[in-house]
Amino acid sequence: MASRLESLCQNLQTVLGDRIAGINTALGEVTLEVAAEHYLEVARTLRDHPDLRFEQLVDLTGVDYSTWGDGAWKGLRFAAVCHLLSVSRNVRLRLRAFAADDGFPVLPSLVQLWNSANWYEREAFDLYGILFEGHPDLRRILTDYGFVGHPFRKDFPISGHVEMRYDPEQRRVVYQPVTIEPREVTPRIIREENYGDAEHG
Amino acid sequence: MAEIRNYTINFGPQHPAAHGVLRLVLELDGEVIVRADPHIGLLHRATEKLAETRTWLQTVPYLDRLDYVSMMCNEHAYVMAVEKLLSVEVPIRAQYIRVMMDEVTRILNHLLNIGTHALDIGAMTMVLYTFREREDLMDVYEAVSGARLHAAYYRPGGVYRDLPDRMPQYEVNKFKNAETVRRLNEARQGSLLDFLEDFTNRFPTYVDEYETLLTDNRIWKQRTVGIGVVSPERALALGFTGPMLRGSGVEWDLRKKQPYEVYDRVDFDVPVGVNGDCYDRYLVRIEEMRQANRIVKQCIDWLRNDSAKGAGPVITDNRKVAPPSREKMKTGMEDLIHHFKLFTEGMHVPPGEAYAAIEHPKGEFGVYAISDGGNKPYRIKLRSPGFPHLAATDEMAKGHMIADATAIIGTIDLVLGDTDR
């Protein structure tokens, strides 16, 4: 397994060269980072090159890194993360590309390479507001018709902004601002390294 | 001459053959489907967002509610991702229990799929037979976890508790007399493993019964042969996994290719289809049930061997991940502290990212977890197998008759809880 990952890393280095913005192996998985302008081209090479041959896009997701490590994050905010699988070579690869503009995240679409990207990109657009250039049908997919906002962004509250109820006087369904209070039972904590180890007291 | 226009009809969201709340907008030219546009999200519960506000352990029960017909498999992928981040070893007995329960889940899932698929396209009886067997397996679920459906049985580091020594018994009431109760309790006299073994002995006969009903059934073949054909190349490009991919003739099974837990120690075969139509996918699922039955038998044999090999703990002894025993907690100060910290603050997972995938009954179920070192996940992405399958409905249904839409929805083994998340 380890040798297979090493040979994959070597193949990636030789084939992609300086288009790689970062590559690392952790927990038995290879993560490849590329800049947004190389994203589509690298993805095409990953699919077609005889030494790589990633036939399948298993997963594509948006990630909002803005609150990572309670403000420790300094890089760009939005990324698209793909999980690729090579059925013929039996290896997986994670491909990440950050969108250059935090206010208006745009990335090229991979639908022309892997058709499975179609709904995944719609989902990432719906939940994170990442626009995929060249997508044939970039509609919302999971949220309600006429939904406002991108709910998986870290600044979107878990309770949402509006709630819906039936109003007996107007005899129709109405939307109104949420009436529930946000509540956190267990606060989010990041401990220092080795916290609670016996030798560290 | 009158103008001829295409009809657009809504299939669902309250259609009994839509397997939940799927709204399928079909554009029809006469009776032929020109375009199928599934509208999903009516069951979207934002599980991934909820997970970001819960501790790592509190997320486990949410996973049951995704694909609510193969509950333990969902949990399995999640706990595997957490274990990968934590680099925790799972005791061997827990691994066998997990494999056994995964295969029980696979049988549960395929029974439901084949039963309802047949029901949708006109074979009423099937569902009655498959639900008879599901009842026994749900009793297994209940015996190990206390719940028939939403088990919450797997934990990061192992499983919640060891298999029970006795099965719950039926009691006489105004619907069941003493004779019925005696008959029902006959197989439940021993331990859970005895009950399950009794089931695995009976089950191949049941599968034969299903095959008698369907496999050579002329109506069943007319409704499924040549419907929704997907070539191997298209199946890969469309992100198909599991029986959908194998039905198209691609030999790909994570249990064989990237073995996890103890799948490399059990003996089973992977069935592969030829034509990639609904009928081949049905045959693949039938054979997978037989193979799952074989795996369950092997796991029972191993687990029953309660001498040196089969015995042992079922959850890790890493106290930062799993709680100490109840008994120790009452007497030991350190154990009390561990317990308190674990259930108030929760476990801390080192920063990093991990993707863990399992061969879920429906395909590859993956969990992509990002941690920033906190007691809650930073981001959980659930890769549900039904999502890309449903996305391919348009391609599969195009050019078929409207009645075939039901066959295609049935064959992709659609569960909206899994697709919408």
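A nonpolar core is a set of buried Ala, Val, Leu, Ile, Met, Phe, Trp, Tyr and Cys residues joined through side-chain atoms within 4.5 Å. I kept that in mind while going through this predicted model.

**Core.** I looked up the largest nonpolar core and found 177 residues in it. The members that touch the most other members come from both chains. In chain A they are L32(A), Y39(A), L46(A) and L110(A). In chain B they are M100(B), M101(B) and Y153(B).

**Y153(B).** I then listed its contacts, leaving aside neighbours within four places in sequence.

**Interface area.** Next I turned to the two chains together. Chain A and chain B bury about 4,800 Å² between them, with 53% of it on carbon and sulfur atoms. On the chain A side, W119(A), L142(A) and F152(A) lose the most area to chain B, together 15% of what that side buries. The contact draws 56 residues from chain A and 62 residues from chain B.

I noted 39 residue pairs in polar contact across the interface, both partners at pLDDT 80 or more. Which elements of chain A each supply at least two residues to the side touching chain B? They are β2 (29–34), β3 (56–64), β4 (78–86), β5 (91–98) and α3 (117–128). β3(A) gives the most, nine residues. By class, this side of chain A has 26 nonpolar, 14 polar and 16 charged residues.

**Salt bridges.** I recorded twelve between chain A and chain B. One pairs E353(B) with R94(A), the closest N and O atoms lying 3.7 Å apart.

Conventions
Residues numbered from 1 in each chain as written. Chains lettered and ligands numbered in written order. Predicted model: local features only at pLDDT ≥ 70, side-chain atom pairs only at ≥ 80, totals over all residues. Heavy atoms only, no water. Contact = heavy atoms within 4.5 Å. Buried area = accessible area lost by both parts, 1.4 Å probe. Salt bridge = Lys/Arg side-chain N within 4 Å of Asp/Glu carboxyl O. Polar contact = N/O pair within 3.5 Å; in protein donor to acceptor, adjacent residues only side chain to side chain. Helix = DSSP H or I, 4+ residues; strand = E, 2+ residues; numbered from the N terminus. Nonpolar A, V, L, I, M, F, W, Y, C, P; charged D, E, K, R; others polar. Buried < 20%, exposed > 50% of the residue type's maximum accessible area, 1.4 Å probe, protein only.
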